[in-house]
Amino acid sequence: MDAYQEAQRLYAEAMLSTATGQERIAVLQQTLQRIGDLVPQAAPDERPAVLLMNSSIAQLIAGESR
Amino acid sequence: MNGMPERGEEILPGTWEYQWFASVVTKTEEFAGRPSHWNGRLYDQPGAIAGVIEADGSMTISREHVLDPARPGYTEGHSLTHDERYAAGGATRMAVFRARASLSALGDDTGPGASPIGSLEDIALESALADRFTSTYGGRIAESLTEQDLPVDSFPAFPAYTTATDRLMSSLSRPTDLGPGELRDLLESTDRSQRFNVIADRVIETQLGDRVPESHRDQLRQDLTGSLRRGLSGLTMTEWSQLTHQGSKLNWGHDAAELTAIEFDLNLEDIKAHYDSWNTKHPGVEPPELPDSLRETFLDREEGMRQVWAERGWPAQQPVAGREQENYDGLRTQIYPNEREQEIAKLQQFLWSHTAPSQHTDSAAGAGERPNNVREIGSTRKGQRGVE
C-alpha cells in the first residue's frame, strides 16, 4: 500500500472515530503525527493532497481544543 | 498547547514570502468576489501541515512545504528544473486552497437545521467547494503572478465530494431558479453552518412562495435538505476508501448525486402538491403542516435510496430514523467475502456506532422527529474558524 492510500485510511479512521472530547483530540493528534510521517514517502504529485489532508486534521484539533 | 505543533515565527510584511502569500489571497478574493477573513498576520507552520486558520483570524503557512517550494516558480528569469516546476505548482495549489478556506465564514451552528461545523455533511460540501475553486482558478491565479508555466491543475483532491456537488449544482438549478454558478456563489457566500438551509429557503421562496406559513419553514427545511445532507455525508466512506480507484470515486459521486436529486425532486413535488391542493380547496385558509402519511412516504423513499446504494455496492447511507435496529440486525448477518466489502462493513460499523439511538440523548429515533443524519464530531462545539 502506498503512502497516499495509507494516509486516506488513517484520515477515514479519524473522521469516523466515535471518540469525543479529550479522547477525540488524542485520536486526531495521533493521526496528525502518523500522516505527517507518511509525507516524505508520498509521491511528489500526491504530497500536496496529503498535506492538505493533515491541515484538515490540524484545523479540527484547533476547533476541538477551543 | 493542544497537541498541534506550535506555530512558528511570524512572517513579516515586506518579506518575499509574505508578499507572495498575500498576493495569492488577494487574487483569490478577486476571483471569488468575496473578502477573506484573514487578519493579515502570517506565521510559519511547522510539521507536515500546509497551514491552518487560527481563531484570531491569523493564518499559518508552511515555509518548508509551501513557501520555499513556491519561490523558484515566482522568481523572474529563473530556469526551472522539472522537479522545481512541479513542486512550485503543488505549493501554489496548497496556497490557493488555504486562501480559499479563509473566505468561508462558519456562522452559528447551533440553530435549527444548522450543519455542525466539522460534521460529515459540512466537511463534504466545504471540501467540494474549495476543491472546485482551486481547480478552476488555481492555474489562473498562478498565471497572474508569474510568467512561469506551473502545473497547478490536478485530479480533484476530493473526487467523490466534488463530482457529487458539481452534479447537485446542476440538478438544483431548476428548483432554485439559479444557474449552477449562481447557486455555487450563493453557497460560497453563505456561512458554512447555513448552506443547506439557504438551499431550502431559496426553493421554498421560488417554488412555494407565500403559500407556506412561516411556522412551517423549519420543518420544510429539514424535509427538503435531508436528501442532500445524506447524499453528501454518505459519500464519506467512498471518499476515504483506500481500496476504491479514484476514477470509481468520481463515478459514484456522480451517480449518488443523481439519486439524491431524484429524491429531492420527488419530495419537493409532494410538498408542492400538498400546499397547492389545500390552496385550491380552501383559498385564504392557512394550510396545515404536511400529513404524517407524507412523512412516512419520505421515510420509505429514504429507505429505497439506501437500498439502491447497497445494491450498487455502497451501503453507506445511514439507517432511516426509527428503523435503525432492523438495519443493524441485517448488517450482522451479512457475509463479507472480500477485502473491499470488509472495508465497507468496517466503515459502516463506525457510522452505526455513532448514529445509533443509544448513542444520543437527542437522537431522532422517532419517525416524526428530525432525522439525525449528521455526525457531530465534538460534544461542545463552539464557533471557530475552520476549514476542511
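# Exercises on a predicted model

Over all chains of this predicted model, the count comes to eleven aromatic pairs. One of them joins Phe133(B) and Tyr137(B), with 4.8 Å from centre to centre and 45° between the planes, a tilted arrangement.

## Exercise 1. An aromatic pair within a helix

Task: Determine why the pair of Phe133(B) and Tyr137(B) is classed as tilted, and where the two residues lie in chain B.

Solution. 
1. A pair of aromatic rings is described by the distance of the centres and the angle of the planes.
2. Rings pair if their centres lie within 6.5 Å, and the centres of Phe133(B) and Tyr137(B) are 4.8 Å apart.
3. Planes under 30 degrees apart count as stacked and those over 60 as edge-to-face. The angle for Phe133(B) and Tyr137(B) is 45°, therefore the pair is tilted.
4. Both residues belong to helix α4 (residues 120-145) of chain B; because they are four residues apart, about one helical turn separates them.
5. Phe133(B) is buried, at 5% relative accessibility, whereas Tyr137(B) is partly exposed, at 22%.

## Exercise 2. Further ring arrangements

Task: Identify which residues are linked by ring pairs into a cluster, and state which residue lies over the face of Tyr43(B).

Solution. 
1. The cluster consists of Tyr11(A), Phe97(B), Phe158(B), Tyr161(B) and Trp240(B), linked by ring pairs.
2. Over the face of Tyr43(B) lies Arg7(B), at 3.8 Å from the ring centre.

## Exercise 3. Two glutamates of chain B

Task: Decide whether Glu76(B) is buried or exposed, do likewise for Glu263(B), and describe the setting of each residue.

Solution. 
1. Glu76(B) is found in the loop between α2 (63-70) and α3 (82-101) of chain B.
2. The relative accessible area of Glu76(B) is 79%, so this residue is exposed.
3. Along the chain, Glu76(B) and Thr146(B) are 70 residues apart, yet 7.6 Å separates their C-alpha atoms.
4. Glu263(B) is located in helix α11 (residues 246-281) of chain B.
5. With a relative accessibility of 3%, Glu263(B) is buried.
6. Apart from neighbours within four places in sequence, Glu263(B) contacts Ser227(B), Arg230(B), Arg301(B), Glu302(B) and Met305(B).

## Exercise 4. The organisation of chain A

Solution. 
1. Among contacts in chain A with a separation of 6 or more, 65% involve residues 24 or more positions apart.
2. Carbon and sulfur atoms account for 44% of the accessible surface of chain A, which comes to about 2,500 Å².

How values were computed. Residues numbered from 1 in each chain as written. Chains lettered and ligands numbered in written order. Predicted model: local features only at pLDDT ≥ 70, side-chain atom pairs only at ≥ 80, totals over all residues. Heavy atoms only, no water. Phe/Tyr/Trp six-rings, centres within 6.5 Å; stacked < 30°, edge-to-face > 60°. Buried < 20%, exposed > 50% of the residue type's maximum accessible area, 1.4 Å probe, protein only. Lys NZ or Arg CZ within 6 Å of the ring centre and 35° of its normal. Contact = heavy atoms within 4.5 Å. Areas by Shrake-Rupley, 256 points an atom, 1.4 Å probe, with all protein chains shown as cover.
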